[in-house]
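Have a look at it first, then we'll go through the questions.

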Amino acid sequence: MQFSLPRDLLVTCLQRVVGVLDRRQALPILGHVLLKIESNQLAIVGTDSEIELVAFASLTTQNDNIAVTLPGK
């Protein structure tokens, strides 16, 4: 997975989403964020199983449709 966007845009999107992540992590996946690329748009998703936050960023390069989870820390 390789994509390109300005660092400050990525940090802004991540800051919006990580606030909802489960701190106690009853389920380990609730401490992760989902990075999903579709149609040259990056969606960053975070959830605590009750609330879901999504932040979007436009990508300038052509990318394949990919989804991966990464630790929210």
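Q: Which residue of β3 is the bridge partner of alanine 43?
A: In β3, alanine 43 has phenylalanine 56 as its bridge partner. Keep in mind that this is a predicted model, where local features need pLDDT of at least 70, side-chain atom pairs count only at pLDDT 80 or more, and totals for chains, interfaces and linings use all residues. Residues are numbered from 1 along each chain as its sequence is written, and side-chain values use heavy atoms, with hydrogens and water left out.

Q: What makes β2 and β3 a pair?
A: Two strands pair if DSSP finds at least two bridges between them. β2 and β3 are joined by 7 bridges and run antiparallel, so they pair under that rule. Strands here are DSSP runs of E with at least two residues, helices are runs of H or I with at least four, and both are numbered from the N terminus. The hairpin of β2 and β3 has 4 residues between the strands, and serine 49 takes a positive phi near 75° there.

Q: Why is leucine 70 called partly exposed?
A: Buried means under 20% relative accessible area and exposed means over 50%, with partly exposed in between (1.4 Å probe, protein chains only). Leucine 70 comes in at 39%, so it counts as partly exposed. This residue is in strand β4 (residues 66–71). Leaving out residues up to four places away in sequence, leucine 70 touches His32, Val33 and Leu35, where contact means heavy atoms within 4.5 Å.

Q: What makes a set of residues a nonpolar core?
A: They must be buried Ala, Val, Leu, Ile, Met, Phe, Trp, Tyr and Cys residues joined through side-chain atoms within 4.5 Å. The largest such core here has 12 residues, among them Cys13, Val33, Leu35 and Ile44. α1 (7–18), β1 (32–38), β2 (41–47) and β3 (52–58) are the elements giving two or more residues to this core, and β1 gives the most, with 3.
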